[in-house]
Amino acid sequence: MKNLKFGIAGILFGIILVKAEVISWFRIQEMFRLESFHMYGVIGSAIFTAMLGVLLIRKMGWRSMSGEEIVVRKKPFTKGNVFGGLIFGLGWAITGACPGPIFAQIGSGFTVVFITLLSAIAGTWAYGKWKDRLPH
């Protein structure tokens, strides 16, 4: 029962993703072909919202719902960020799905996205297995 609110929030978020057309393979292809501003607007507004949220958390000293301090650690930039971003972007362009909306796509009836989900799980497993040998 404790996690019911998170399940409801996830379902509502999935509905918003569907209605905003951000799970549309065609919208994603338009973005990668630089044919439409739609996805860039959605991503840009998400970045702005996250920046504002982090700023408010730091300035106001807000805490989590359980009273714990919220710490946003700075992460150093490495060449692994570039390689990881390229691999992520390539996978996104080929499949038309990034990890967040995969479940909304499956819930919308795009069952072929199960292959993308299994590939994402396999990629996560591979990273965990070989992360010590990768550039960080």
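Residues are called buried under 20% relative accessible area, exposed over 50%, and partly exposed in between, with a 1.4 Å probe and protein chains only. Helices (H or I, at least four residues) and strands (E, at least two) are DSSP runs, numbered from the N terminus. The model is predicted, so local features need pLDDT of at least 70 and side-chain atom pairs count only at pLDDT 80 or more, while totals for chains, interfaces and linings use all residues. Residues are numbered from 1 along each chain as its sequence is written, and side-chain values use heavy atoms, with hydrogens and water left out.

Start with the overall fold. The protein has six helices and zero strands. Along the sequence the pattern reads α-α-α-α-α-α. The C-alpha trace spans about 40 × 40 × 35 Å along its principal axes. Of the 136 residues, 18% count as buried.

Now take helix H6. This helix covers residues 113-130, 18 residues in all. From first C-alpha to last, H6 reaches 26 Å, close to the 26 Å expected at 1.5 Å a residue. The expected span is 1.5 Å times one less than the number of residues. Which residues of H6 are buried? They are Val113, Thr116 and Leu117. Seen down the axis, the buried residues of H6 fall within an arc of 105°, so they line one face of the helix. The arc is that of the directions from the helix axis to the C-beta atoms. The face of H6 turned away from the buried side carries the exposed residues Ile115, Leu118 and Trp125.

A pair of aromatic rings is described by the distance of the centres and the angle of the planes. Here, rings of Phe, Tyr and Trp (its six-membered ring) pair if their centres lie within 6.5 Å; planes under 30 degrees apart count as stacked, over 60 as edge-to-face and the rest as tilted. By this rule the count comes to four aromatic pairs. In one of them, the rings of Phe88 and Trp92 have centres 5.9 Å apart and planes at 55°, so the pair is tilted. Both residues lie in helix H4 (residues 79-95), four residues apart, about one turn of the helix. Phe88 is partly exposed at 41% relative accessibility. Trp92 is buried, at a relative accessible area of 14%. The rings of Trp125 and Trp130 also have centres 5.9 Å apart, but their planes stand at 75°, so this pair is edge-to-face. Trp125 is exposed at 55% relative accessibility, and Trp130 is partly exposed at 34%. Phe32, Phe88 and Trp92 form one aromatic cluster.

Next come the salt bridges. Side chains of opposite charge can pair when their charged atoms come close. The rule used here asks for a side-chain nitrogen of Lys or Arg within 4 Å of a carboxyl oxygen of Asp or Glu. How many salt bridges does a search of the whole structure find? The search finds two. Glu21 forms a salt bridge with Arg27, with the closest N and O atoms 2.9 Å apart. Arg27 forms a salt bridge with Glu30, where the closest N and O atoms are 3.4 Å apart. Arg27 and Glu30 are three residues apart in helix H2, about one helical turn. Arg27 is partly exposed at 23% relative accessibility, and Glu30 is partly exposed at 25%.

Glu21 has a backbone feature too. Most residues other than glycine have a negative phi, and most peptide bonds are trans. Glu21 has a positive phi of about 65° although it is not a glycine. Glu21 sits in the loop between helix H1 (4-19) and helix H2 (25-32), and is partly exposed at 37% relative accessibility. Leu34 also has a positive phi, of about 55°, and is not a glycine. Leu34 is found in the loop between H2 and H3. Leu34 is exposed, with a relative accessible area of 67%.

Finish at the surface. Patches are made of residues with over 30% relative accessible area and no salt bridge: like charges are joined within 9 Å, nonpolar side chains (Val, Leu, Ile, Met, Phe, Trp, Tyr) within 5 Å. Accessible areas come from the Shrake-Rupley method with a 1.4 Å probe; for residues, only the protein chains shown count as cover. Phe48, Leu52, Leu55, Leu56, Met60, Trp62, Ile70 and Val72 form a nonpolar patch, with about 730 Å² of accessible area together. Within this patch, Ile70 lies in the loop between helix H3 (38-60) and H4. Ile70 is partly exposed, at a relative accessible area of 33%.
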